[in-house]
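Colleague: I am new to this structure. Please take a close look at one part for me: the pairing of charged side chains.

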Amino acid sequence: MPPVPADPGPPPGAPGHGRGRHTAHGRPAVPGQQAGPADAQAREAGQVGGLLFRDEQPEAAPPGVTDTVVLRAITDDVAPVPAPGHGAPPYSGAPAHPVPEQSHPAAGQPYFVPSSHPGQETPVAAQPAPQPEPRKQRGGRNLQAAIGVGVGLGAVIVASLFVVKALFLVVVMAAVAVGVWELTTRLAERKEIKAPLVPLVVGGVAMVATGYWAGIQWAAASLALTGLAVMVWRMAAPPENYLRDITAGVFTAFYVPFLATFVAMMLAADDGPQRIVLFLIVTICSDTGAYAVGYKFGKTKLAPTISPGKTREGLAGGIGLSMLAGALLMQLIIDGGSWWQGLILGGCAAVTATLGDLGESMIKRDLGIKDMGTLLPGHGGIMDRLDSLLPTAPVVWLLLAAFVGS
């Protein structure tokens with residue numbers, strides 16, 4: 001490396017004029033002192049020495065003279081220079097020593113960046129260790145929570161069905177009330193549609209009760225009265241959007257409590273618990289078969305604009321598993337039932353369950369939401385579990401009434 005040029009110092013009259021300057025050897029120049037013969041010989045021989053090098057002991061500076069060292073800025077574009085004797089000589093302005101190759105320190109440990117001034121290194125803050133990304137469940141669901149909630153709901157249903165049959169009716173009424181609340185709340189939040197909640201909940205409970213104790217005629221009358229109550233209740237608010245609000249109220253009364261009334265009418269039969277078990281299992285098998293076959297073999301989308309995850313292969317798998325479950329259960333637990341009747345019932349239940357799921361997916365896409373609620377961890381809301389059960393209930397009730405009577 002060529003000798004370091006002497007610093008001429010500030011011009012006369014500038015701030016700092018008269019302070020110490022440096023000679024070629026890095027020693028401060030005393031005013032009025034000329035470079036000695038040793039300095040000239042060192043320049044002629046091309047030797048490099050001075051305070052920048054460790055092979056030469058520094059001389060004591062005269063009193064009142066301070067050393068000023070100017071460090072080069074640390075940049076990333078300084079290329080490593082090979083050591084003397086192992087490559088090209090250093091270029092002009094390059095650091096005196098080659099820049100060592102940086103090794104990657106352990107995660108969380110500080111490391112140092114070489115400086116242009118030998119013996120000095122600039123510490124860099126410790127870099128945090130990269131954290132692994134959390135694994136995502138399929139569909140964004142918590143699988144463990146979903147299984148736990150499903151097992152809990154199944155235990156409640158079985159206990160209420162086979163201990164006290166009327167207790168299951170209370171479970172249906174509670175599900176209807178929560179489902180109506182979820183749907184009306186989402187309509188108000190996303191579309192500012194204010195369907196009257198009180199007449200819908202009261203009328204929904206009345207529909208389920210009259211359907212269980214009096215039959216379909218009284219349940220239909222309760223639906224009509226609920227619609228009238230919604231119209232009257234909404235009159236207490238300003239007339240703006242009156243038609244929109246009562247239309248949403250009548251739709252909610254039909255979609256949630258009236259369809260759930262057919263579950264209560266199935267329960268009212270002598271073998272009501274067995275019919276409820278048949279209804280629940282064929283619907284669950286439709287969802288399970290569609291998921292399993294679609295996940296393994298699904299290629300052709302069923303309704304990509306509504307539910308991109310559903311495939312035609314999955315639909316075929318759901319229909320097949322539901323028909324198999326219907327044939328077995330119709331033969332084994334329904335008095336007077338036959339396996340071929342179970343095949344028909346299972347196939348129809350799978351189709352209506354899929355249509356019900358797609359129907360609620362349309363509602364949620366229109367509202368711009370993923371789930372109707374958060375009451376059931378891993379599942380969403382009550383309406384996210386009733387989407388396939390509600391439209392399937394009247395179909396199963398009608399087929400059972402046609403095959404073995406009501």
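Modeller: Start with the term. A salt bridge is a side-chain nitrogen of Lys or Arg within 4 Å of a carboxyl oxygen of Asp or Glu. The idea behind it is simple: side chains of opposite charge can pair when their charged atoms come close.

Some ground rules come next. The model is predicted, so local features need pLDDT of at least 70 and side-chain atom pairs count only at pLDDT 80 or more, while totals for chains, interfaces and linings use all residues. Residues are numbered from 1 along each chain as its sequence is written, and side-chain values use heavy atoms, with hydrogens and water left out. pLDDT is the predictor's confidence in each residue, from 0 to 100. The protein chain averages 77, and 63% of the residues score at least 70.

Now the count. The structure holds seven salt bridges. One of them joins Lys-191 to Asp-366, with the closest N and O atoms 3.3 Å apart. Lys-191 sits in helix H3 (residues 166-191) and Asp-366 in helix H9, so this pair ties together parts 175 residues apart in sequence. Helices (H or I, at least four residues) and strands (E, at least two) are DSSP runs, numbered from the N terminus. Lys-191 is partly exposed at 34% relative accessibility. Asp-366 is exposed at 52%. For these words, buried means under 20% relative accessible area, exposed over 50%, and partly exposed in between (1.4 Å probe, protein chains only).

Gly-368 follows H9, with a positive phi near 75°.

H9 takes part in another pair. Lys-310 and Asp-357 meet through their side chains in a salt bridge, 2.8 Å from N to O. Lys-310 belongs to strand S6 (residues 307-311) and Asp-357 to H9, so the pair ties together parts 47 residues apart in sequence. Lys-310 is partly exposed at 21% relative accessibility, whereas Asp-357 is buried at 17%. Elsewhere, salt bridges with shared partners link Arg-234, Arg-244 and Asp-245 into one network.

One more pair remains to show. The side chains of Asp-271 and Arg-275 form a salt bridge at 2.9 Å, N to O. Both of these residues, Asp-271 and Arg-275, are buried.
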